[in-house]
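Here is a structure to read slowly, with questions that ask what lies behind each term. The answers set a value beside its cut-off and then draw the conclusion.

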Amino acid sequence: MSEQTPQQSTSQPGRVVVVGAGMAGVQTAVALREQGYTGTVTLIGAEPHQPYDRPPLSKAVLLGTAEGSAFDVDFESLGIELRLGCEALGVRPADHELDTEAGPVPYDVLVLATGAQPLRLPGTEGVPGVHLLRTLDDAERLRPVLAAQHRIVVVGAGWIGAEFATAAREAGCEVTVVEAADRPLAGALPAEVAARMTAWYADSGAELRTGARVERVEPGLVELADGTRLAADAVVVGIGARPATGWLAGSGVELGADGEVVADAHLRTSAADVYAVGDCASFPSARYGARLLVHHWDNALQGPRTVAANVLGELPVTYDPVPYFWSEQFGRFVQYAGHHAGADRTVWRGDPASPAWTVCWLREDRLVALLAVGRPRDLAQGRRLIESGRRMDPAALPDPARPLKDATAD
């Protein structure tokens with residue numbers, strides 16, 4: 001997102017309370033200080049741990065090459081009050097109070113940054129050996145499983161399933177991934193693109209079973225709907241996530257169909273003096289003509305700057321980023337920028353059977369999204385082209401030797 005320089009208000013709110021101590025919450029607190037806020041900032045987190053970054057959980061922390069991933073933020077010197085191990089229970093906008101396990105917390109401005117929570121596989125609650133991978137505690141419980149080189153069944157071939165399978169294979173585990181859809185990443189990418197990633201599993205030594213629905217899980221066993229029985233010392237569930245907003249029921253804060261907080265273009269909610277940012281909130285994108293719900297790290301990094309600017313500024317600042325995320329899986333660095341829904345043309349750069357290739361999505365000859373595998377330069381240039389809205393030359397795009405920035409029509 002481009003740099004914002006909002007005008008500063010002559011009067012600042014006295015108390016800003018941020019609920020959620022993940023990336024979005026921490027960055028909101030930091031951005032407020034960076035942009036000149038001098039009032040009280042309170043950061044409330046449900047987990048007892050020092051606020052930490054999540055991407056390393058499926059990599060270095062899981063494999064034991066790092067003990068943790070705490071943010072390198074000096075909260076004390078920034079004057080940010082931390083209240084950790086404190087769960088939010090509700091909010092009363094009319095009273096400007098947040099209800100928590102430790103009692104009510106008054107606010108002048110409230111920022112909702114509670115992120116998302118993983119979906120659980122029905123019928124598996126309380127079954128020994130069934131794991132999720134979302135928190136630091138989850139990663140620490142899984143670390144000895146990988147160290148013991150157990151037989152692992154991963155349910156779900158989405159981004160988190162692929163990343164966990166990658167780490168498990170690197171640790172020497174026997175890995176079977178079961179996916180109910182007919183391909184990996186079925187909910188994230190078109191079939192023609194996701195199909196190109198199917199071979200990555202076998203190349204790494206993992207078994208991928210598509211069209212495979214789990215019937216039941218018991219200790220040491222996963223049974224599929226077709227009667228197949230898979231031995232499993234551990235089961236890792238990665239079937240998606242849902243905004244962690246159940247605690248807002250009855251608060252008057254509008255929630256969308258997926259349970260997300262419905263924010264406007266300035267990341268304000270339906271309740272006065274309440275903002276929402278990160279995985280828990282959707283926002284309208286004028287760039288794409290759609291409301292976006294983005295469950296990725298970069299959104300949690302960029303959005304807080306807009307929230308801070310709008311808390312402090314007289315003129316509202318609009319949030320309309322080019323979404324971006326990355327994934328490291330099976331020895332490949334995968335990057336995505338944009339939003340491909342609504343594209344009217346797909347153009348491939350390079351051979352998708354090779355280690356490095358890119359797929360571009362165009363709408364009216366303008367680049368709206370791209371997926372780059374092992375081609376970070378394509379991603380960097382493509383992201384800027386999406387932001388600028390320049391017209392592309394579809395005839396020049398397929399040549400992978402030609403820089404993407406030189407494949408424009410103007």
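**Reading the predicted model**

In this predicted model, 5 strands make up an open sheet with parallel pairing, in the order 9-16-10-11-12.

Q: What makes strand 9 and strand 12 stand at the edges of the sheet?
A: Strand 9 (130-131) and strand 12 (207-210) each have a single partner strand, so one side of each is left without a neighbour in the sheet.

Q: How do you know that strand 9 and strand 16 pair?
A: Two strands pair if at least two bridges are found between them, and strand 9 and strand 16 (residues 234-237) are joined in the parallel sense over 2 bridges.

Q: Which strands does helix 4 lie across, and at what angle does helix 4 run to strand 11?
A: Helix 4 (residues 159-170) lies across strand 10 (151-155), strand 11 (174-179) and strand 16, and runs at about 165° to strand 11.

Q: What makes I152, F164, L189, W361 and L371 stand out in the largest nonpolar core?
A: Of the 96 residues in that core, these five touch the most other members. Leaving aside neighbours within four places in sequence, L371 is in contact with residues including L189, V193, M197, W357 and W361. A second, separate core has 20 residues, among them C86, V274, A276 and A281.

Q: Why is Q12 called partly exposed?
A: Buried means under 20% relative accessible area and exposed means over 50%; Q12 has 30% relative accessibility, so Q12 counts as partly exposed. Q12 lies in the segment before strand 1 (15-19), and, leaving aside neighbours within four places in sequence, is in contact with G36, Y37, T38, G39 and L312. The C-alpha atoms of Q12 and G85, which are 73 residues apart along the chain, are separated by 29 Å.

Q: How many cavities of 30 Å³ or more does the structure hold, and what lines the largest cavity?
A: The structure holds 3 cavities of 30 Å³ or more, and the largest cavity has a volume of about 50 Å³. Its lining includes V294, H296, D298, N299, Q302 and Y319, and the largest share of that lining, 3 residues, comes from helix 7 (residues 297-312).

Terms used. Residues numbered from 1 in each chain as written. Predicted model: local features only at pLDDT ≥ 70, side-chain atom pairs only at ≥ 80, totals over all residues. Heavy atoms only, no water. Helix = DSSP H or I, 4+ residues; strand = E, 2+ residues; numbered from the N terminus. Contact = heavy atoms within 4.5 Å. Axes fitted to C-alpha atoms, helices over the stretch in contact; angles between N-to-C directions. Core = buried A, V, L, I, M, F, W, Y, C linked by side-chain atoms within 4.5 Å. Buried < 20%, exposed > 50% of the residue type's maximum accessible area, 1.4 Å probe, protein only. 1 Å grid on protein atoms, 1.4 Å probe; cavity = no way out; pocket = protein on both sides within 12 Å on 5 of 7 lines; lining within 4 Å. Points joined across faces, edges and corners; volume = space filled by probe spheres on them.
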